[in-house]
Amino acid sequence: MFDLHLAEVADFIRAKGAHRVALQFPEGLKSLAMEAAEEIERVTGCVCIILGDPCYGACDLNTSYRSFADILVHFGHSEIPSMGPDDNLFYVEVRLDYEFTDLLPETLKLLSLRVGLVTTVQHVHQLGILKEWLERHGRTVLIGRGDKRIKNAGQVLGCNVTAASSIKDQVDQFIYFGSGDFHPLAVSLATGKPVIVLDPLMQEVRDVEELKDKILRQRHGAISLAVEARSFGIIISSKPGQQRKALAESLKGMIINKGKLAFLIAMDNVTPDQLMAFQLDAFVSTACPRLAIDDYLRYRKPMLTPIELEVALGIRDWGDYVFDSVLG
Ligand code: SF4
């Protein structure tokens with residue numbers, strides 16, 4: 001079902017003359033790691049080292065591979081161009097090819113005239129087919145280009161929907177082609193436009209309005225709790241593509257200016273257990289923007305995004321709320 005492009009990986013290993021090869025897989029593909037390592041070792045004669053730590057995105061590159069391997073092969077995500085080049089790094093974008101044409105007539109009924117398309121890296125190769133079909137059925141279809149954090153046209157990340165915001169004034173609504181709700185919610189909040197989810201995995205078409213209301217209520221609740229906080233922990237990620245040190249320092253200044261306490265805490269993986277040791281009233285994450293939102297129920301103390309902190313401190317109006325984003 002998944003094509004890991006092992007022949008191309010083997011070509012890269014041979015071209016580099018690599019002997020030790022680090023393999024990094026996201027959680028959803030880790031079960032394929034052993035089979036891939038066996039095959040790569042068989043055809044190239046190299047030694048593979050599978051990286052066991054969690055990996056959630058290309059932002060999460062294990063740059064320490066240099067201390068034990070010649071090259072790194074990162075599976076599942078596209079590169080983040082703004083993170084800069086590494087000649088010894090090979091990305092394997094993994095595509096999904098779910099059938100979706102049966103969903104198109106139902107989708108069409110929900111569409112306005114001008115539509116923007118966005119998706120994740122797993123489906124970027126199918127956007128052209130979708131665009132062509134919609135244009136044949138009378139729609140004007142645009143696919144935007146994101147900023148330097150984004151490699152492919154129409155591609156969005158949970159932390160970056162600039163491929164949508166770049167065309168928001170030219171479309172009436174968006175189709176998010178893919179599974180999950182975080183990306184379409186981020187597009188809806190960033191653009192203010194309705195978003196239809198065309199989900200080839202669940203084989204359904206849905207809109208995100210109801211869910212958006214629920215998430216906004218949760219976020220409002222977290223912000224209200226943090227208004228009373230006297231002390232804050234500001235989390236800085238040690239992952240190379242999630243580091244926002246300058247932002248963390250400026251948030252610390254904002255908190256101190258309001259007469260409260262603030263501490264910078266650097267972490268790799270952020271978990272509720274690790275935070276329990278810190279006797280603080282609330283946390284602000286400058287790491288992956290999904291942390292605060294996806295894991296809302298797991299934290300005992302309010303966990304805010306930087307934008308939410310501004311609301312809690314009275315620096316930003318709730319009416320200007322958007323998801324946190326990491327720009328390239
Ligand atoms: S920061 Fe979070 S949303 Fe952005 S690429 Fe990394 S894991 Fe995905």
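The following legends accompany close-up views of one predicted model. Residue numbers start from 1 along each chain, in the order in which its sequence is written. Because the model is predicted, local features need pLDDT of at least 70 and side-chain atom pairs count only at pLDDT 80 or more, whereas totals for chains, interfaces and linings use all residues.

**View 1. Domain 1 and domain 3 in contact.** The chain is divided into domain 1 (6-92), domain 2 (101-207) and domain 3 (211-320), with bounds that come from an automatic or database domain assignment. Between domain 1 and domain 3, the C-alpha centres lie 33 Å apart. Domain 1 gives 10 residues to the contact and domain 3 gives six residues; two residues are in contact if their C-beta atoms, placed from the backbone, lie within 7 Å. On the side of domain 1 that touches domain 3 there are seven nonpolar, two polar and one charged residues. In this classification, Ala, Val, Leu, Ile, Met, Phe, Trp, Tyr, Cys and Pro count as nonpolar, Asp, Glu, Lys and Arg as charged, and the others, Gly among them, as polar.

**View 2. The residues around the ligand.** The shell comprises Tyr56, Gly57, Cys59, Leu157, Gly158, Cys159, Gly241, Gln242, Cys288, Arg290 and Val326, a residue being near a molecule or strand if its C-beta atom, placed from the backbone, lies within 6 Å of it. By class, six of these residues are nonpolar, four polar and one charged.

**View 3. The open sheet of four strands.** The strands follow the order β2-β1-β3-β4 with parallel pairing; helices (H or I, at least four residues) and strands (E, at least two) are DSSP runs, numbered from the N terminus, and two strands pair if DSSP finds at least two bridges between them. Strands β2 (47-50) and β4 (89-92) each have a single partner strand, so one side of each is left without a neighbour in the sheet. From one strand to the next the twist averages 25°. Strand β3 (residues 71-75) is joined to β4 by four bridges, and Val73 stands opposite Phe90 in β4. Helix α2 (residues 33-44) lies across β1 (20-24) and β2, at about 165° to β2; axes are lines fitted to C-alpha atoms, for helices over the stretch in contact, and angles run from 0 to 180 degrees between N-to-C directions.

View 4. Glu310 counts as partly exposed because it has 19 C-beta neighbours inside 10 Å (buried, 20 or more; exposed, 12 or fewer; partly exposed, in between; C-beta atoms placed from the backbone). Beyond its neighbours within four places in sequence, Glu310 is in contact with Ile315 and Arg316. The C-alpha atoms of Glu310 and Met254 are separated by 8.3 Å, with the two residues 56 residues apart along the chain.
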